[in-house]
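Good morning, everyone. Please have a look at the chain on the screen, and then we will walk through it together.

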Amino acid sequence: MKNLRQYKIEIFGLKNGDHQFDFFFDNSFFVEFKNSIVSKGKGSCTVDLTKTDTMITFHFILKGVIELECDRSLEHFDYPIKVNKDLIYKYGDEDKELSEDVYVITKSTQEINIASFLYESINLEVPMKKLHPKFQNDNENDEMIFTSLLEDKKKETVDPRWEVLKNIKFKL
């Protein structure tokens with residue numbers, strides 16, 4: 001967790017107004033998170049922070065590339081990511097999470113570490129079906145094949161002996 005110290009934002013000394021911070025991530029960032037979906041990648045994150053007397057608003061602009069493994073060929077490929085998200089911290093009596101992007105912190109909070117938020121945002125960009133770019137056009141063909149197989153299955157004729165048995169069932 002030593003490498004994640006660089007993702008801290010000291011909020012205690014910040015004056016009210018707009019501030020901007022730049023962060024970078026690479027493979028060493030993902031090593032800090034065990035059992036990660038993403039293990040390699042690099043990119044940058046610009047954080048626009050607006051501090052007022054009652055809350056702090058973060059606007060994240062995350063750009064980068066992560067390495068994924070193709071579900072079909074098991075080849076590794078680079079997948080571009082771009083994230084625009086907002087995160088709100090309100091001042092209150094105790095630290096708690098109100099929703100996935102709204103938190104309550106106390107006035108005595110010294111710093112906010114955005115590493116876990118960056119990690120979650122990157123992992124949410126991983127598609128359910130990870131296909132190498134050379135298979136992107138094949139994806140449409142797969143859907144056509146699947147639908148034609150469903151249609152063929154519907155067209156199959158049912159053995160007449162089974163139809164007689166179904167009728168007996170309803171008569172009882």
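Let me start with a question. Leaving aside its neighbours within four places in sequence, which residues is T106 in contact with? Setting those neighbours aside, the contacts of T106 are Y91, G92, D93, E94 and D95. One thing before we go on: this is a predicted model.

So where does T106 sit? Find the loop between β7 (102–105) and β8 (111–113), and T106 is in that loop. Is T106 buried or exposed? The relative accessible area of T106 is 17%. Buried means under 20%, so T106 counts as buried. There is also a partner in the sequence nearby to point out.

Now step back to the whole chain. How many helices and strands are there in the protein? The protein has 4 helices and 8 strands. Follow the sequence and the pattern reads β-β-α-β-β-β-β-β-β-α-α-α.

A few totals next. The protein has 172 residues, and 31% of them are buried. Its accessible surface is about 12200 Å². Carbon and sulfur atoms hold 53% of that surface. Then the contacts. Take those in the protein with a separation of 6 or more: 56% of them are between residues 24 or more positions apart.

Next stop, another threonine. T46 belongs to strand β3 (residues 41–51). What does the side chain of T46 make a polar contact with? The partner is the side chain of D22, at 3.2 Å. D22 turns up again in the contact list. Beyond its neighbours within four places in sequence, T46 touches Q20, F21, D22, H59, F60 and I61.

On to charges. Side chains of opposite charge can pair when their charged atoms come close. How many salt bridges does the count come to? The count is 3 salt bridges. Let's take them one by one.

Start with E111 and K8. Their side chains form a salt bridge, 3.6 Å from N to O. E111 lies in strand β8 and K8 in strand β1 (residues 8–10), so this pair ties together parts 103 residues apart in sequence.

Then K130 and D71. Here the salt bridge is 3.8 Å, again N to O. This pair links distant parts of the chain, 59 residues apart. K130 is in the loop between α2 (115–124) and α3 (138–155), and D71 is in the loop between β4 (55–69) and β5 (76–91). D71 has 42% relative accessibility, so D71 counts as partly exposed.

That leaves K134 and E75. In this salt bridge, the closest N and O atoms are 2.6 Å apart. Again distant parts of the chain are linked: K134 is in the loop between α2 and α3, E75 is in the loop between β4 and β5, and they are 59 residues apart. E75 comes out at 31% relative accessibility, so E75 is partly exposed.

Now the rings. How many aromatic pairs does the count come to? The count is 11 aromatic pairs. One of them is F29 with F30. That pair is edge-to-face, 5.3 Å centre to centre, with 80° between the planes. F29 and F30 are both buried. F29 also pairs with F33. This pair is edge-to-face as well, at 5.4 Å centre to centre and 65° between the planes. F33 is buried, as is F29.

Which residues do ring pairs link into a cluster? They are Y7, F23, F25, F29, F30, F33 and Y119.

Last, the surface. W162, V164, L165 and I168 make a nonpolar patch of about 420 Å². Let me pick out I168. Helix α4 (residues 160–171) is the place of I168. With 45% relative accessibility, I168 counts as partly exposed.

To close, go back to where we began. T106 is buried, in the loop between β7 and β8, with contacts that include Y91 and D95. Thanks, and I'm happy to take questions.

Conventions. Residues are numbered from 1 along each chain as its sequence is written. This is a predicted model: local features need pLDDT of at least 70, side-chain atom pairs count only at pLDDT 80 or more; totals for chains, interfaces and linings use all residues. Side-chain values use heavy atoms; hydrogens and water are left out. Helices (H or I, at least four residues) and strands (E, at least two) are DSSP runs, numbered from the N terminus. Buried means under 20% relative accessible area, exposed over 50%, partly exposed in between (1.4 Å probe, protein chains only). Contact means heavy atoms within 4.5 Å. Accessible areas come from the Shrake-Rupley method with a 1.4 Å probe; for residues, only the protein chains shown count as cover. Patches are made of residues with over 30% relative accessible area and no salt bridge: like charges are joined within 9 Å, nonpolar side chains (Val, Leu, Ile, Met, Phe, Trp, Tyr) within 5 Å. A salt bridge is a side-chain nitrogen of Lys or Arg within 4 Å of a carboxyl oxygen of Asp or Glu. A polar contact is a pair of N or O atoms within 3.5 Å; within protein, one must be able to donate a hydrogen and the other to accept it, and residues adjacent in sequence count only if both atoms are side-chain atoms. Rings of Phe, Tyr and Trp (its six-membered ring) pair if their centres lie within 6.5 Å; planes under 30 degrees apart count as stacked, over 60 as edge-to-face and the rest as tilted.
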